[in-house]
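Subject: Structure handover

Hello,

Please find below the structure I said I would pass on. My notes on the contact between the chains follow it.

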Amino acid sequence: MLLRHTPTEIKDRSALTINPAKTCQPIGAMYAALGIHGCLPHSHGSQGCCAYHRSALTRHYKEPVSAATSSFTEGASVFGGGANLQTAIENIFTVYEPDVIAVHTTCLSETIGDDLPQMTDKAKKAGKVPAGKHVIYANTPSYVGSHVTGFSNMVKGMAKGFAVATGKKNGRVNIIPGWVEPSDMEEVKRLAALMGLDIILFPDTSGVLNGALTGEYKMFPEGGTPISDLVAAGDAIGTLALGEWCSADAARWLDTQCKVPCSVLDMPFGLKATDRFIDTLRKVGGVSVPESVAFERGQLVDLISDMHQYFYGKKVALVGDPDQVIALTEFLVSLDMKPMHIVTGTPGSKFEKRIDEITAEAGYKANVKAGGDMFLLHQWIKNEPVDLLIGNTYCKYIARDEDIPFLRFGFPILDRVGHQYFPTVGYKGGLHMLTRILDLILTRTDRDETEEKFELVY
Amino acid sequence: MASTAKKLVNWTPTDVKAEMLAKYPPKVARKRASQILVNEALGNETPEISANVRTIPGIITMRGCTYAGCKGVILGPTRDIVNITHGPIGCGFYSWLTRRNQTDASGEGDENFMPYCFSTDMQDQDIIFGGEKKLEAAIQEAYDLFHPKAIAVFATCPVGLIGDDIHAVARKMKAKFGDCNVFAFSCEGYKGVSQSAGHHIANNKIFSEVVGENDAEKPGKFKINLLGEYNIGGDGFEIDRILKKCGITNIATFSGNSTYDQFASAHKADLSAVMCHRSINYVADMLETKFGIPWIKVNFIGAKSTAKSLRKIAEYFADPELTARVEEVIAEEMPAVEEVIADVRPRTEGKKAMLFVGGSRAHHYQDLFAEMGMKTLAAGYEFAHRDDYEGRQVIPDLKVDADSRNIEEIHVEADEKRYAPRKSSEEMAKLEAAGFKFKHYDGLIPDMEHQTLIVDDLNQYEAEKLVEIVRPDIFCAGIKEKFSIQKLGVPMKQLHSYDSGGPYAGFQGAVNFYKEIDRLVNSRVWGYMKAPWQENPELSATYVWE
């Protein structure tokens, strides 16, 4: 047994986190910043954070992830990192020539209280930021929230750093997709295009973190939200924020500061959440939904009805980030599956409330914890086994020990590919996810069934 | 940024260096110039390089931090210690199973905490009011849940700043438990300039808190410690297989596939064999000073180097039976190695490699490439010191600069009861006269050919320039570099994680490596960069379907 020390008996822990279901803020900020065209993320802290965050993102995407760091030494940690940041900004613009540097912080610079607005302002005044180039920032203390919080903070930092309200609306619709895969961002753009909408998607990592091999390396690939779009976001007719944890802060900032009304929705995983997304897009954009989108929806409903017997009543444990897990729980319940054990490492009582509502509607009470960890999830599974486990790569240890079919979902996925290429959002994403779930369940049946009951046709 | 448009036209190493520096602001160019060296080593003259100095902000370094060097590298591989990261969640999360230190916990009742990540997950109130109480509670909860032999605590950046006294908490809990050693490492990420400071901090504490704790006699003959071998991809397993076959007893590996008891018994060995000099030379020195155990540098990367290292160990013990057995083992193992070399060498001969790896492998792996007939054109370390480049004879000249001055140097004296010279001074003198070098490492530079490039703390910009200009057949570094190099159409081999392969140490490891490099440099994929319509000129007004 890999996790041989995990006991069945659950004791309360107040201080020790074991096998976290979250990581820290700056990696989310780094991921978000990679979704701006021509942007180099910058980590204002000691260099270990930056190395870890780049490595984790690289392992997840199998793609280059560039980011710079202030490389704090002990001296800077005591007396402030201002000089490090000035030097870094000058070196980055000279050597790497990005259009934007997006600075985030770590627990180090936050604890010592480095003043980013003042420091970035100083760099501009000292002429260290070339004409037409930009430095934006977000404070991302690692001891608050999780990587999801860091993502949200940097997305808000993009709005604050660029969006301008000229008073004249441009007829475009902002969509903040939240922390989803490049493939998901592509899918959101495809759906909006089918509906004939002119959208501003930010951040947008498609084309950045699912690139091609051509013999040429571009530190700043073609993808990413153009700066002109980020500026124009202030004149949009509305914002759809997908996911309360990931996207709502930026949308609300645009609402209060630029008078762009916003609608905060669940991430469009599964049938119902995608329905709400498409319907809201229709209303905000003042367009009608084309037959092609309705057809995709019908295909998903068709698959659910075709294979319902294999979903029905199956117990599921799932762990991940709140926006994703909420939408996924709803999707599973809509298939008449039973999400039983649900954990997110990211704090927030709204999470538990939403999950309770979703499962109560299905007629049962799930184990749910926000700010929980995978050690607890594993103990719950030991006490009440499940038919399917959904979560990031770290769940493979639980899946192997408990012999549970395992669907890789969320961040990070370190040991498989596909997440960067095939969407999980929208109706197409729903189809893709269901085929994977069915494959897991039926492969298990094929493995376990007796020879006389072994079936050719499902 | 870069493209491969510029084709190389007989660049000299000096030109390459100049091109790497051309774009830098003057201050950066001056500093980098002292860390990039065209190897002009002749005879005993080794040129001087600047190393172990602070990283240039914004340069996109490959380096990590002190915590990574301490918790991630040295203590991470030990399976029966509960390692608690005291800090916000990230540091613990990122060092959770991401280094491939394999461990064999298959014995009855064996403990294995390596698949777990333990953290105090500090919150803002812990930053404001201090995290000592939470740390104490976390240690208690770990003890109650697991009853481990030992609990280790690792500081992260904010811990030093807010003034949590982790050592006081550790002492208190150790006294309270009685049957569980609790110790702490002040390995805040901002200390020193790289992972290297973390190695030193780990060496100090593991030596002062654990080494020598178990005085029970260990069975076996020809007892050695294998220092600085972390069992990535099973390297340590392969070395242990060979040692066992030779009849050599490995008391303690620091720290691949290790246990608490191995550390506690390390003073029972009669020789320390050092693989990774950078990370563990401190323990090697302290074992000698306190207990009288001499150390030698060995290298089990490369089949010939493995044979040479085994002979060196046998020569030290000066036992005819051991010497004969070592020769038998080499004779048994080499045919399989030579068979694979004969197969791959026609396809690898003359190919060019570049190696930029942590603090040790950029040197060791050159032996493997040489066995395949491949040349190393450029190499360097992320965080090695001048002695790893130039050899330990420069140590007296090393200046500890302001950034590393606060890394603790602990003073060790000979143990009154347990110090015992393993060899008489006459025996030592005789071995030295026969060319035996104790407590010495020659470094990377003397082993590299004339006019090769040596680059310390290589950054992203320089890596790209090197690859564009020189077009090596293979580039070796880590995960952060892998995919940008491959985008340029150049095969890239990770020499930290081995790209989930390995082992590469010892005889069987060498075979694995030859095959892997053959696969990489001769893969068909590198021929697919251009689509057919990109390679052929445009047609005009003709149909040519035949």
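Which strand of chain B does S1(A) pair with, and in which sense, parallel or antiparallel? The partner is strand S3 of chain B, residues 118-119, and the two strands run antiparallel with two bridges between them. Within S3(B), Phe118(B) is the bridge partner of Ile18(A). Please keep in mind that this is a predicted model.

On the extent of the interface: 72 residues of chain A are in contact with 80 residues of chain B. The area buried between chain A and chain B is about 7,000 Å², and carbon and sulfur atoms give 63% of that area. On the chain A side, His5(A), Tyr52(A) and Tyr217(A) supply 11% of the area that chain A buries against chain B, more than any other three residues.

On polar interactions: 36 residue pairs are in polar contact between chain A and chain B, counting pairs with both residues at pLDDT 80 or more. There are three salt bridges between the two chains. One of them joins the side chains of Lys23(B) and Glu97(A), at 2.4 Å from N to O.

On where the chain A side comes from: several elements each supply at least two residues of the side that touches chain B, among them strand S1 (17-18), helix H4 (82-95) and helix H15 (374-383). The largest share, ten residues, comes from H2(A). By class, the side of chain A that touches chain B has 35 nonpolar, 27 polar and ten charged residues.

Regards

Terms used:
Residues numbered from 1 in each chain as written. Chains lettered and ligands numbered in written order. Predicted model: local features only at pLDDT ≥ 70, side-chain atom pairs only at ≥ 80, totals over all residues. Heavy atoms only, no water. Contact = heavy atoms within 4.5 Å. Buried area = accessible area lost by both parts, 1.4 Å probe. Salt bridge = Lys/Arg side-chain N within 4 Å of Asp/Glu carboxyl O. Polar contact = N/O pair within 3.5 Å; in protein donor to acceptor, adjacent residues only side chain to side chain. Helix = DSSP H or I, 4+ residues; strand = E, 2+ residues; numbered from the N terminus. Nonpolar A, V, L, I, M, F, W, Y, C, P; charged D, E, K, R; others polar. Pairing = 2+ DSSP bridges.
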